[in-house]
Amino acid sequence: MKEHFSRLEERIEGLVEGALSRLLGAQIQPAMLAGQLARAMSDGVRNGEGDKLLAPDRYALTFNQTAVEMLLEKIPDLREELAAGLLSIVRESGYFLSCEPHIAIAADPTLAEHEVRVVAWHSETLIEATQGMSEDLSQEQGEMPIGAYLIVSGSRHFPLDRPVINIGRRLDNQLILDDPHVSRTHAQLRLRDSRFVLFDLGSTSGTRVNDRKAKQHVLQPGDVITIASTRLVYGEDPNGPPDETPSYHPPFPPRPAGDQPTRTTLKKDLSER
């Protein structure tokens, strides 16, 4: 298995080096990007029909804003080039795909100049069932609380402007928490009778509200939600979130709530392998 991964990594490194060869002197390290792509593909493999091993067909490469601008300016066809290369590598590695691979490149201002983050997922999977929720989804939601929001880690605000909000480490969540101790789909906020109700979705490390472990909790202003090392403070104000906190922006545009693949993992840095 380790030898198979090494061969996969070598193939992808050759692809990345070829694609980035037009960026002489670029600070993006091909080996780091290739390693994360290989790990994303390998970790995302799942069983398909007839014992086929299906590799992820969706990949998001996230860089610092400056790096993204440079890449898209110097290599406008980079996404197509990497997608075509990954298609060949998948076949050479004995994997299969549900559809042709798609590469997205996004900016995350929280990343340092030389950092890169790769996330992979399957575009055609069964919708993941929401765990721990027995309520009928057609139940009346009521009016949205006026000016509801979350303060994320005391520094950013996240307006609660939709009836369903998924929280977790995976890229298709609306509130993405990049922490290895956060489950891929960790928790969910759902509007019920004009109140936001927090549900823990069977997470590994659990969800706490006001320092008490909670599976389900009707949120009140001032409630403190703790997910791994992240603290989320629930608030309501007709004037909206506090002006001193900037708005939260995910590292990549999230997909609609509920459209969730079953196997997607944020990859750790190469040094942690």
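Tutor: Start with a term: two strands pair if DSSP finds at least two bridges between them. Helices (H or I, at least four residues) and strands (E, at least two) are DSSP runs, numbered from the N terminus. With that, strand 15 and strand 16 (residues 230-236) pair in the antiparallel sense over four bridges.

Student: Where does this model come from?

Tutor: This is a predicted model, where local features need pLDDT of at least 70, side-chain atom pairs count only at pLDDT 80 or more, and totals for chains, interfaces and linings use all residues. Residues are numbered from 1 along each chain as its sequence is written, and side-chain values use heavy atoms, with hydrogens and water left out.

Student: Back to strand 15 and strand 16. Which residue in their hairpin takes a positive phi?

Tutor: Ala228 does, with phi near 55 degrees. The hairpin has two residues between the strands.

Student: And which residue of strand 16 is the bridge partner of Thr226?

Tutor: Arg231. Thr226 is also the bridge partner of Arg208. Strand 12 (residues 208-209) and strand 15 pair in the antiparallel sense, over two bridges.

Student: Are the faces of strand 15 (residues 224-227) covered or open?

Tutor: Both are covered. Val224 and Thr226 lie on one side, Ile225 and Ile227 on the other, and all are buried. Buried means under 20% relative accessible area, exposed over 50%, partly exposed in between (1.4 Å probe, protein chains only).

Student: How many bridges join strand 6 and strand 7?

Tutor: Four, in the antiparallel sense; strand 6 is residues 148-152. Val152 has Arg156 of strand 7 as its bridge partner.

Student: New topic: helices. How many does the chain have?

Tutor: Four helices, along with 17 strands. Take helix 1 (residues 2-19) and helix 4 (residues 78-92): their axes come within 10 Å and cross at roughly 160 degrees. Axes are lines fitted to C-alpha atoms, for helices over the stretch in contact, and angles run from 0 to 180 degrees between N-to-C directions.

Student: What does that angle make them?

Tutor: Roughly antiparallel to each other. Angles under 35 degrees count as roughly parallel, over 145 as roughly antiparallel, 65 to 115 as roughly perpendicular and the rest as oblique.

Student: Which residues meet there?

Tutor: In helix 1, Leu8, Arg11, Ile12, Leu15, Gly18 and Ala19. They meet residues of helix 4, including Leu82, Leu86 and Ile89. The residues of this contact divide into eight nonpolar, two polar and three charged. Ala, Val, Leu, Ile, Met, Phe, Trp, Tyr, Cys and Pro count as nonpolar, Asp, Glu, Lys and Arg as charged, and the others, Gly among them, as polar.

Student: What about helix 1 and helix 2?

Tutor: Helix 2 is residues 30-44; its axis and that of helix 1 come within 8 Å and cross at roughly 130 degrees. That makes helix 1 oblique to helix 2. By class, their contact has eleven nonpolar, two polar and four charged residues.

Student: Now strand 3 (residues 58-63). Why is it largely enclosed?

Tutor: Six of its six residues are buried, so strand 3 is largely enclosed by the rest of the structure. Arg58, Ala60 and Thr62 are on one side, Tyr59, Leu61 and Phe63 on the other.

Student: Which residues stand opposite Thr62?

Tutor: Ala106 in strand 4 and Arg117 in strand 5. Strand 3 pairs with strand 4 (residues 102-107) in the parallel sense over six bridges. Six bridges also join strand 3 to strand 5 (residues 116-121), and these two run antiparallel.

Student: Last one: is Gln216 buried or partly exposed?

Tutor: Partly exposed, with a relative accessible area of 48%. Gln216 is in strand 14 (residues 216-218). Not counting residues up to four places away in sequence, Gln216 touches Val197, Leu198 and Phe199, where contact means heavy atoms within 4.5 Å.
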